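Colleague: I would like to learn how to read strands and helices from a model such as this one. Could we go through it together, feature by feature?

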Amino acid sequence: MAIKVIRNRCLIYSGNLKLGHKQSGVVLIVSLVFLIALTAVAAALMQNTTIDMKMSGASEEKVVATQEAVSTIDEVIYKEVTQISGTNAFASEIAKFPLSPVVSSASNTSAEITLANPYKIAADCPHSRAASSVQVFKCNVLKVQVTRLYGRTNKSTIEVNSGVSQQLLNVGN
């Protein structure tokens, strides 16, 4: 039973009121389904973002390791040419190679200088712009190899190779 009391143009109801229709909670169920769907989409996007960030970090680490290996090649060549004794280590006789110079600029990096000539035989020199007599000069071709470990556990490897041509005077045929 409802009692209507009018005071100052406001209706006040007291007592039991019957609702005109039943509320079955369909809106609540639909909103929960949409919430679950949006949560699943957000979780998938976050997982993709995490994987992309890991890939980006790994790619950056590889580029940095490559640049460090290239600069180590420059360091090794500079140190061998300008030794404290004043002698050029690249002008050493064949028996001295392979050499393992000490690398101080980068961690987890090693360098090695070896002969690239097959059977330790002097080969024709690579072409250059400077004029020279044919078959007067022979060359030892040296390979400077730098190996750099990188990655979270230092299991990935970057290897950079460079060549140095050591010109020799061809005394005997």
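Colleague: Which residue of β5 does T114 stand opposite?

Modeller: T114 stands opposite K143 in β5, in a model that is predicted, where local features need pLDDT of at least 70, side-chain atom pairs count only at pLDDT 80 or more, and totals for chains, interfaces and linings use all residues. Residues are numbered from 1 along each chain as its sequence is written, and side-chain values use heavy atoms, with hydrogens and water left out.

Colleague: How many bridges join β3 and β5?

Modeller: Two strands pair if DSSP finds at least two bridges between them, strands being DSSP runs of E with at least two residues, and helices runs of H or I with at least four, numbered from the N terminus. Here β3 (residues 109–115) and β5 pair in the antiparallel sense over seven bridges, and L115 has L142 of β5 as its bridge partner. Strand β4 (residues 123–124) also pairs with β5 in the antiparallel sense, over two bridges, with A123 opposite C139.

Colleague: Why is β3 described as largely enclosed?

Modeller: Buried means under 20% relative accessible area, exposed over 50%, and partly exposed in between (1.4 Å probe, protein chains only). Five of the seven residues of β3 are buried, so β3 is largely enclosed by the rest of the structure. F137, in strand β5 (residues 137–150), is partly exposed at 32%.

Colleague: Which residues of α1 are buried?

Modeller: An α-helix has 3.6 residues a turn, so residues three or four places apart point the same way. In α1 the buried residues are A65, A69, T72, I73, E75, V76 and E80.
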